[in-house]
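Here are my notes on the model you sent over. Have a look at it first, then go through the points below.

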Amino acid sequence: MKLVYFTHSLASCWNHGNAHFLRGVLSELIARGHDVRVYEPAGAWSLENLLADNGDAGLDAYRTAYPELSSHTFTPDADLTELVDGADVVIVHEWNAHDLVAALGKLRRDGAGFTLLFHDTHHRAVSAPEEMRAYDLDGYDGVLAFGEALSRVYRDWGWGDRVWTWHEAADTRRFFPVDSAERDGLVWIGNWGDGERTAEIENYLLAPARDAGLPLDIYGVRYPDAGKAMLAAYGARYHGWAPNAAAPALFARALATVHVPRRYYTTILPGIPTIRMFEALACGLPLASAPWDDAEHLFRPGTDFLFAQTPDDMTRILGDLRHDAGLRASLASAGLETIHARHTCAHRVDELLAILAGLDAPSHLRSIPA
């Protein structure tokens, strides 16, 4: 199978969490013998910010960890017919220009032989529905949505049985437990973003870590001066951006981490954890979570990780994790078991191939090799 994927950026994971999942899925497809080609627009904001902050060296970790992956930049005047020539499947991520999305749909309507899917991994369908409804998806064979709540939005928009829930997952070729002679404190890898979860970061991460007596190291981008001042006031150590490929080594230095979901995923899009949750559990790192609704039963709360319903709960849980090595070992083992049973990028490739096999696609796709 030849698969073409149009992404915002494969090369950069600067404030671009979808790159984590995409790299894992495409790496898995390549390992199975599929022909994969990736396009990203010239001037993608994630890559531009990465290079501005870190120079070309900011790409070193990605290049080292994923030598089999590469992407090609394209400009708005690119010949799309040439870019998708010979493709069996074309997938377009939602962080692409409306004109590109529409033009690919027109190619499909005009008789192109590939299967065309739209991949949505964001909350804009509910936070900015006018932006998402502006995408012309006429001609698309279906939508891949990264949570059942998001799939329901597309069904309400008329997609019916042509939308599939396709969760993110851990790239277990790179995310796995790393032995460490010394572990201490908490690590949190997350971006400040537009500040919609400032209160949650303070109440479920900064204050409980301080009150539980656990040192806290934080990595991420888009922290304003006020945010950095808040971290410093609680005694947290802020390190700036870290490439996603470095995360397993950072996890290996810590006793535990905390999951702080974005607000949209605790309210109108329940059931969608951040990808860091999958990655931390894949690394065998004990995890405590701020409140969210595991509406799709992705995990085993209380077994794979510990839920805190209030900030006081989080302080107590972090204290328990600090002092109870047996509890940490139990959580690490259970979380890793669930990831390996259900939530690897290999599982998601299996799901994608099953979706493609069930579509009214070109006949040769019905026997796609696993």
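Which residue in E5 is the bridge partner of valine 90?

1. That would be leucine 116. A caveat before going on: this is a predicted model. Strands E4 (residues 89–93) and E5 (residues 115–120) run parallel and are joined by five bridges.

2. Zooming out, the sheet is open and has seven strands, paired in parallel and ordered E3-E2-E1-E4-E5-E6-E7. At its edges sit E3 (72–74) and E7 (163–165), each with pairing on one side only. From one strand to the next, the twist averages 25°. Helix H5 (residues 98–109) packs on this sheet and touches E1 (2–6), E3, E4 and E5, with its direction at about 155° to that of E5.

3. Now the aromatics: the whole structure has 17 such pairs. Take phenylalanine 146 and tyrosine 265: the ring centres are 5.8 Å apart and the planes stand at 85°, so this pair is edge-to-face. Phenylalanine 146 comes from the loop between E6 (142–145) and H8 (148–159), tyrosine 265 from the loop between E11 (256–259) and H12 (275–282), so the pair ties together parts 119 residues apart in sequence. Phenylalanine 146 is buried at 4% relative accessible area, and tyrosine 265 is buried at 8%.

4. Tryptophan 192 and tyrosine 223 make a tilted pair, 5.5 Å centre to centre with 55° between the planes. Both residues are buried.

5. Phe278, Trp292, Phe299, Phe305 and Phe307 are linked into a cluster by ring pairs. Separately, arginine 124 has its charged end over the ring of tryptophan 95, 3.9 Å from the ring centre.

Terms used
Residues are numbered from 1 along each chain as its sequence is written. This is a predicted model: local features need pLDDT of at least 70, side-chain atom pairs count only at pLDDT 80 or more; totals for chains, interfaces and linings use all residues. Side-chain values use heavy atoms; hydrogens and water are left out. Two strands pair if DSSP finds at least two bridges between them. Helices (H or I, at least four residues) and strands (E, at least two) are DSSP runs, numbered from the N terminus. Axes are lines fitted to C-alpha atoms, for helices over the stretch in contact, and angles run from 0 to 180 degrees between N-to-C directions. Contact means heavy atoms within 4.5 Å. Rings of Phe, Tyr and Trp (its six-membered ring) pair if their centres lie within 6.5 Å; planes under 30 degrees apart count as stacked, over 60 as edge-to-face and the rest as tilted. Buried means under 20% relative accessible area, exposed over 50%, partly exposed in between (1.4 Å probe, protein chains only). A charge sits over a ring if NZ of Lys or CZ of Arg is within 6 Å of the ring centre and within 35 degrees of the ring normal.
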